[in-house]
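The sequence and the model are shown first.

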Amino acid sequence: MSETTYTVIYFAGIYGRGGPVCDALKVGKIPFTFQGVAFPDWPALKPTMPTRQLPTMVVNQNGVETKCGQSGAVLRFAGKLAGLYPEDPVDAMKVDMIVDTCEDMMGLPWSNPGIKSDDEAVKTAAVAETIAKIEDKLALIESMIPAGVSHAAQHCVGHRLTTADLKIRSVADALRTQGWGFAPFLPHGMLDKFPKIAAVDSVAAGIVAAAE
């Protein structure tokens, strides 16, 4: 009898890019193991990861192990397993557009080296520029989400949960936690400016909680 197991490797205690992958598997009732990595342990583990990044998905099929990285690829794989990735090509393209745009936004807080400058004028200018870019990207994501019939039934694509909704959760979590504590310059309350992002996050969180 064939047996397949799944292991998600990601940083312990952070939702980040690994959270949507785990949530997809939970909603789809796909058994998996989560391997949390403490930050002090990451330098030693990093060379063993196929893309030198996390999350990484490990699939073991009858003793044959496949290990893959890249958060978009891993989330798409988990979504297909869980039935959360559309079969319709147009809807799938819409989902990928939102996921990729979210990923673009999530890289912005650390994109300007001036943020780490010892020169306060340079640092202040870099922070202002970065926040403006983040808000522009958030406005773009907001525009991709349909108005929805009601706040309680808000999804990114169609009328059911997809991986795009779960990726939105990652964006919302990054805003609430100031980049998981790594971007303290992000102002509190940024999410309040984008009600559709907040609505998708809220509805998706409820679905995940019900599945746990």
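The questions and answers below move from the whole chain to single residues.

Student: On what basis are the residues numbered and the values counted?
Tutor: This is a predicted model, in which local features need pLDDT of at least 70, side-chain atom pairs count only at pLDDT 80 or more, and totals for chains, interfaces and linings use all residues. Residues are numbered from 1 along each chain as its sequence is written, and side-chain values use heavy atoms, with hydrogens and water left out.

Student: In what order do the elements of the protein chain run from the N terminus?
Tutor: Helices (H or I, at least four residues) and strands (E, at least two) are DSSP runs, numbered from the N terminus. The protein chain has seven helices and four strands. Their order from the N terminus is β-α-β-α-β-β-α-α-α-α-α.

Student: Why is the protein chain said to be as compact as a globular protein of its length?
Tutor: The radius of gyration is taken over C-alpha atoms, and the globule rule is 2.2 Å times the number of residues to the power 0.38. For 212 residues the rule gives 17 Å, and the protein chain is close to this, so it is as compact as a globular protein of that length, with a radius of gyration of 18 Å.

Student: What percentage of the residues in the protein chain is buried?
Tutor: Relative accessible area decides the class: buried means under 20%, exposed over 50%, and partly exposed in between (1.4 Å probe, protein chains only). Of the 212 residues in the protein chain, the buried share is 46%.

Student: Is the pair of Tyr6 and Phe77 stacked, edge-to-face or tilted?
Tutor: Rings of Phe, Tyr and Trp (its six-membered ring) pair if their centres lie within 6.5 Å; planes under 30 degrees apart count as stacked, over 60 as edge-to-face and the rest as tilted. The whole structure contains four aromatic pairs. In the pair of Tyr6 and Phe77, the ring centres are 6.1 Å apart and the planes stand at 55 degrees, so the pair is tilted.

Student: Which elements hold Tyr6 and Phe77?
Tutor: The two residues are 71 residues apart, and their pair links distant parts of the chain. Tyr6 is buried, because its relative accessible area is 15%, whereas Phe77 is partly exposed at 32%. Tyr6 belongs to strand S1 (residues 4–11) and Phe77 to helix H3 (residues 71–82).

Student: Which residues form one aromatic cluster?
Tutor: Phe11 and Trp42 form an edge-to-face pair, 5.5 Å centre to centre with 80 degrees between the planes. Both of these residues are buried. The cluster consists of Tyr10, Phe11, Phe39 and Trp42.

Student: Which residues does Ala12 touch, not counting those up to four places away in sequence?
Tutor: A contact means heavy atoms within 4.5 Å. Ala12 lies in the loop between S1 and helix H1 (19–27), and the C-alpha atoms of Ala12 and Gly36 are separated by 4.3 Å. With residues up to four places away left out, Ala12 touches Gly36 and Val37.

Student: Is Lys29 buried or exposed?
Tutor: Lys29 is in the loop between H1 and strand S2 (33–37). Its phi is near 60 degrees, a positive value in a residue other than glycine. At 57% relative accessibility, Lys29 counts as exposed.
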